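Open the model in your viewer and keep the selection tool at hand. We will go from stop to stop.

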Amino acid sequence: MSRPRERDPRGPGEGATYRREGIRFRAPVLTPRFPSEVPFGFVGRLLPTTEPIELRLEAHRLSTGEALRLLHGARAVVEAELAHGATEIGPELDAERASAEELGRALARRTQELWKVGAVWIANGLSRPRAEAVRLRLIERLQGLGFRARIPRYEVAEAVRPASLTGAEPRPTGYWQTLPTDGVAALFPFADETIVEPGGVLVGLGLADASPVFLDRWAHGSYSWGIFGATGAGKSFTAGLLVLRSLWTRPETEVVVLDPLGEYGALVRALGGEVIDLAAGRSGRLNPLDPVTTGGDRREKAARVAAMLRALFPSLLDEEAAALDAAVHGLMADRDRVPTLADLVRRVTEGPGAGGRLAALLAVFASGSLAYLDGPTTIHPTAPLVAVSFRGVPADQLPFHLAYVLDWAYGRLRDRPGPKLLVIDEAHLLARHRPTAEFLDRTVRHVRHFDAGVIVVSQSPEDLLLEPSGRSLLRNLYAVALLRLPEVSNEARAFLGLSGAEAEWLPKARLPKECGYAESLWRIGDLHLPLAIVASTPEFQFLSAALGAGPVAGPDDAARSGSL
Ligand SMILES: Nc1ncnc2c1ncn2[C@@H]1O[C@H](COP(=O)(O)OP(=O)(O)OP(=O)(O)O)[C@@H](O)[C@H]1O
Ligand SMILES: [Mg+2]
């Protein structure tokens, strides 16, 4: 069968679902149902500048009489359905009735009007498959935001024809919508997505138009942010940059860095801070059992100690864990003493049913590689900036060290006045064990009460999706910077509310070594912004010298051997 209209390379041609105009193929989509809510700036998410898509909109205001008639009609339908006992969709209908009533009042007050809105999305391409691929991705993004999408079949000409002044020409089903003024405003495609929060820090420049984005961490419900990215994506650099910029805007900010790789030491020293070198007790000791970290709350302390010990001995059987918990709680009950690890070992080896494997495991504190932790705390840093370096700590002991240092840092954040920042690099080390993941989540949720925010740094958001507490933590981060990621699973995509195009872009985001800055996608509240994280020349020089310096030179530097 010949289809001459489709073959003519010059003239318009039309297939069932596309139309050819000159050298362009045009593949339209209609949206018969809009979601009840859309995020601010959603049109930008649906129409990224990399995709050749047009959105054609026409809006015709309805007279007040027409609007009220329409509304009464809609309300009557809902009332009838409710009266006929459509019980399984009752709550939805109730909501519809309530919103119809609210809209009626707004119409009467003239704060809202009703509009007849025509919308068609047209994907373009130089070949039919290209136009259709663009349309497919668009449909995915539309559905991701809750739109119902429909490809007009045999109605392409009616769908793509230009708008007229009257809006009277025939259009396919799904073209027209009735929207209140707010709905029309939300469709306005030139929404200014730039965020400039007074008193905030520069987090990046828009990748599309270089518009700067300033965020004030202290102006939102959660002061905590996350930075995720593949190795070399620029996470630690970004964390350092945010610390620097935070100190410029609020010099009184105190900072604690949990630094598993020992990268931040030079930076913290250059800013007048102290570095605690944890491996083998080089800088002294933080007694993991000291209840000072919970402000003397011994029950809470016992729970945290139990979590730390489980991170150190992941193979504990249930009954061993229970015996250990009992020993820890018993130890904490003696209010006159600050317990030490030797006390714990004694309790376990001398208590009822003692000995066995548990005692053997705990020997690491008595005579093994962690014996240096036995005794009272000797480290009392007074500087406003402190980095705790875990460099040189054996990999299997890292989660344990991180856990008790997090507990110590929590106590410090609580006890010191003013704004504080806690940077936790390589946070996946805590997120992978349930007890420490739970503690990390609690920390992120609670430190706000002490004027403190956390910067959680990890390789992949997937690390946090493994446990409910990790997901809770992710939900409590006000801003999340996604740098280059090796891949984005469907689960992560759904959890973070990323569109298909965003998930496809993240593995292609350019690395600092490729372009001199870090390409990133920021999720700030409901907003998604592709940003370049750019350092000024002095910032870059300062940070790359300090962060690139590796372990800080010290008296016994030659003896250092990083096991990481
Ligand atoms: N925004 C940036 N502008 C310029 N250079 C950057 C930027 N971010 C990172 N870099 C450079 O890129 C390199 C890698 O950065 P960084 O160490 O922060 O990566 P990372 O994500 O923390 O990696 P890892 O997972 O290995 O810790 C460093 O040399 C750093 O100086
Ligand atoms: Mg790093």
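**Stop one: ligand 1**

Select G232: one of its backbone N or O atoms lies 2.8 Å from an oxygen atom of ligand 1. That pair is a polar contact, meaning N or O atoms within 3.5 Å (within protein, one must be able to donate a hydrogen and the other to accept it, and residues adjacent in sequence count only if both atoms are side-chain atoms).

This is a predicted model: local features need pLDDT of at least 70, side-chain atom pairs count only at pLDDT 80 or more, and totals for chains, interfaces and linings use all residues. Residues are numbered from 1 along each chain as its sequence is written, chains are lettered from A and ligands numbered from 1 in the order written, and side-chain values use heavy atoms, without hydrogens and water.

Next, pick T231. An N or O atom in its side chain is 2.7 Å from an oxygen atom of ligand 1. Then pick K235, where a side-chain N or O atom is 2.7 Å from an oxygen atom of ligand 1.

Now show what surrounds the ligand. There are 16 residues around ligand 1 (a heavy atom within 4 Å). T231, G232, K235, F237 and I533 come nearest.

**Stop two: α8 and α22**

Select residues 235-249, helix α8, and residues 537-547, helix α22. Helices here are DSSP runs (H or I, at least four residues), numbered from the N terminus. The two pack at about 125°, with axes 10 Å apart. Axes are lines fitted to C-alpha atoms over the stretch in contact, and angles run from 0 to 180 degrees between N-to-C directions.

Show the side chains. Contact (heavy atoms within 4.5 Å) involves residues including F237, L241 and W248 of α8 and F540, L543 and L547 of α22. By class, the contact has 8 nonpolar, 3 polar and 2 charged residues. Ala, Val, Leu, Ile, Met, Phe, Trp, Tyr, Cys and Pro count as nonpolar, Asp, Glu, Lys and Arg as charged, and the others, Gly among them, as polar.

**Stop three: α10 and α14**

Which way does α10 run against α14? Select residues 298-312 for α10 and 398-415 for α14: the angle is about 155°, and the axes are 7 Å apart. So α10 is roughly antiparallel to α14. Among the residues that meet are M308 and L309 in α10, and F400 and Y404 in α14. The contact has 9 nonpolar, no polar and 3 charged residues.

Key. Angles under 35 degrees count as roughly parallel, over 145 as roughly antiparallel, 65 to 115 as roughly perpendicular and the rest as oblique.
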